[in-house]
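Subject: The structure we talked about

Hello,

Here is the structure I promised to pass on. Please have a look at it first, and then read on for what turned up.

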Amino acid sequence: MKIELKGRKKAGLRPVKGSKFGAVDEDEQDEESRRHAQAAALKEISSASGKGEASNLLAGPGFGADEQADDGDGDEEDELGKLRQSTKFKSFSAEYKRDQRRKPEEPEDEGDEDAGIGPHSPPENFDKEHEGATFVPAQDVAGKEDDGPDDSDDEDEPLEANQEQKVEEESIPVPVSHEARLSGKFKATVSAIAMDTAGNRFCTGSVDYSVKFWDFGSMNANLTSFTSMEPFGSFPIRSIEFSPTGGKILFAGGSKSARMYDRDGREILVCPHGDMYLHDMSNTKGHAAPLSCAVWQPIDAKTFATSAADGTIRIWDALTESKKHKKIIKLKNRRGKKVSPTAIAYSPDGRTILAGCDDGGLRLYDPGSFLPKTVEDVDDAHGPDVITTSISYSSDGMSALTRTLDDCLRLWDVRRFDSPLSTFDNLPNNSEQTRAAFSGDGKYFATGTSSTSTKKKEGEPGKLVIFDRSTLRAVKTIILEKDSGGVVGLYWHPTINQIVYGTTAGHVHVLYDPLLSSKGILRCISKLVKRKQQAFVDIGVGAIHTPNALPMFRDEHANHGRPINRKRQQEKMREDPILTKKPVMAGGPDAKAIAGSTMASFVARSKAKEEKGWLKEDPREALLKLDEKAKQFGYFTGGDNPRVLATKTLEEEQAEEAERLKKRMPAHRRKKEDA
């Protein structure tokens, strides 16, 4: 009789002859070998110094307290019985069983009754049919399959192609096992991401002109930013970078001036802009065109460089509020024509600056010399008029990555710029800020792709692709959701080993692995959100009765105890003769009484009495009485001696003024006027 159970591989057990959980053949059970195995195992238990060493030996029912050793002669059986009764064996057995009960259950495999650690539950009536079976812990069962009992040694069967690829991807040490999306969506593409050296604080910038500040130490599970601002007003953000010390942040946008802020978002420095009408850019105190990039010198924390569309790279001093740059590098191709840098990067030692230009070329400069000179010049590095969107160096400074708008990613050896080490194509790129980054150890590098979907046609979604530097092939691809668009901003922190990327939909994501990453987002996701204290206490829904309230505020109730509605209350009030009585005017219906009922009428009436009743007098008659006095004393017309206001007309006065001016003229001019 042969019985085979599934689920052996995940439980970490290897079937042996006579095992309860493998192929069992009753005729081939070897009792002597079983006794030897038990005796050797119990000796190890008796000499074990901790629970961890004995737990593997106590994992099976063959070593349980309920299974008694067979009676027999010999020293081994006596020793076996003594060890079973020893206090150490019993304590180890009890501790192990207690730990097994505390372990959470894992999801079950198809055909398994228990996929947790330890033995699987056998079928019904299995113990009666196969008493005395034992098992041993497996040493390495990955990739093995069991087709039943076999006297020969177990041999590993070859894995299929897709299984080999899956196992290989799982073994790649890149932090992509977990993902968290931060709260607070931008209105447009997340174009720039930067993080300080320690990995505690980082900034994200967008094309919608805004910048958000994030702090892992103060964030909780809500994953919200602590402040935001618009450093350039109505200009998009193109570049963000922390200083080597992490105390200052450098921003570059669509304006002509770079700006520097501290970690809390307070402005420190604004670089001056130059005069766009000057032909020689060395005579201007700053850039005369919109900036494209701004980077810190990795060794000297007081020096940074900026590039712009005016064809120059300018080096600045961050400690002094200078009115002009320290040095300027004018970019030209081999034919002497001006080219504009679209992306720049300092080498890890800070001795050179690598610039990608709008003509598709790569140029390496030495900023330390008195007159910065070109070290390497490759005009056809990417192809004619191919724009470089980002440049990044590896930690050892031997390799560089360039991302371009021709849907390619190129890996270069900085010791030789004649041709790239490898070119990775079919990586869609629709943004001028798409980034590429190396891992902290320089063994891997990553970049994002744009979504090819349109409103009328559905294409490929955006992706985050990770490459192996040694094999020069893609080892991990993360496909974004349809509503996320493509990946533009990207930052791989070397210390905490976490990847932060931004999408065209305005979302910011963080990739991490609890086993490979440290601090960073791991400090936030475990923090509970504090409940906000309510300013008002909810005492429940119900009516509030005020029996001692004033009549106008008192609620009347019907016989059944319910409040009377408004309509019925008004009908009841109309039936009350006192409430419906029309109010009487003060003083009665007499007009004289009504006229004297107000303060204004009282004052008017009193004045009329003083003036002897002028209200009743005819105004025409009153004016005619004053006619004689007016003629005599000139109250209205001046009387007999009226005052003369003007003796001449306006035309006469103008003619006299012209004649007077004519007399004052010289004789020759007077003759001309007369002629």
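Predicted model: local features only at pLDDT ≥ 70, side-chain atom pairs only at ≥ 80, totals over all residues.

Together with F602 and V603, M599 makes up a nonpolar surface patch, and the three share about 320 Å² of accessible area. M599 itself is exposed, at 61% relative accessible area.

Now for the opposite case, strand 29. Is this strand, residues 499-503, enclosed or open? Strand 29 has 5 of its 5 residues buried, so the rest of the structure largely encloses it. In a regular strand, side chains alternate between the two faces of the sheet. On strand 29, I499, Y501 and T503 are on one side, V500 and G502 are on the other, and all of them are buried, so both faces are covered.

Strand 29 also has antiparallel partners. With strand 28 (residues 487-492) there are 4 bridges, and V487 stands opposite T503. The two strands form a hairpin with 6 residues between them, and N497 in that turn has a positive phi of about 55 degrees. With strand 30 (residues 508-512), strand 29 again pairs in the antiparallel sense over 4 bridges, and I499 has L511 as its bridge partner. Here the hairpin has 4 residues between the strands, and G506 in the turn shows a positive phi of about 95 degrees.

Strand 12 (residues 291-296) is another one to look at. Of its 6 residues, 6 are buried, so strand 12 too is largely enclosed by the rest of the structure. Strand 12 runs antiparallel to strand 13 (residues 303-308), joined to it by 5 bridges. V295 has A305 in strand 13 as its bridge partner, and the two strands form a hairpin with 6 residues between them.

Next, the charged side chains. How many salt bridges does a search of the whole structure find? The search finds 20. As background, side chains of opposite charge can pair when their charged atoms come close.

- D196 and R263 form a salt bridge, with their closest N and O atoms 3.0 Å apart. D196 sits in the loop between strand 4 and strand 5, and R263 in the loop between strand 10 and strand 11, so this pair ties together parts that are 67 residues apart in sequence. D196 is buried at 3% relative accessible area, while R263 is partly exposed at 25%.
- D310 and R314 meet in a salt bridge at 3.6 Å, N to O. D310 is buried, with 5% relative accessibility, and R314 is buried as well, at 0%.
- D379 and R363 meet in a salt bridge at 2.5 Å, N to O. This pair links distant parts of the chain, 16 residues apart: D379 is in the loop between strand 19 and strand 20, and R363 is in strand 18. D379 is partly exposed at 22% relative accessible area, whereas R363 is buried at 0%.

There is also a network: R201, D215, D262, D264 and R266 are joined into one by salt bridges that share partners.

Happy browsing, and write back with any questions.

Best wishes

Definitions and conventions
Residues numbered from 1 in each chain as written. Heavy atoms only, no water. Buried < 20%, exposed > 50% of the residue type's maximum accessible area, 1.4 Å probe, protein only. Pairing = 2+ DSSP bridges. Salt bridge = Lys/Arg side-chain N within 4 Å of Asp/Glu carboxyl O. Patch = residues over 30% accessible without salt bridge, like charges linked within 9 Å, V, L, I, M, F, W, Y side chains within 5 Å. Areas by Shrake-Rupley, 256 points an atom, 1.4 Å probe, with all protein chains shown as cover.
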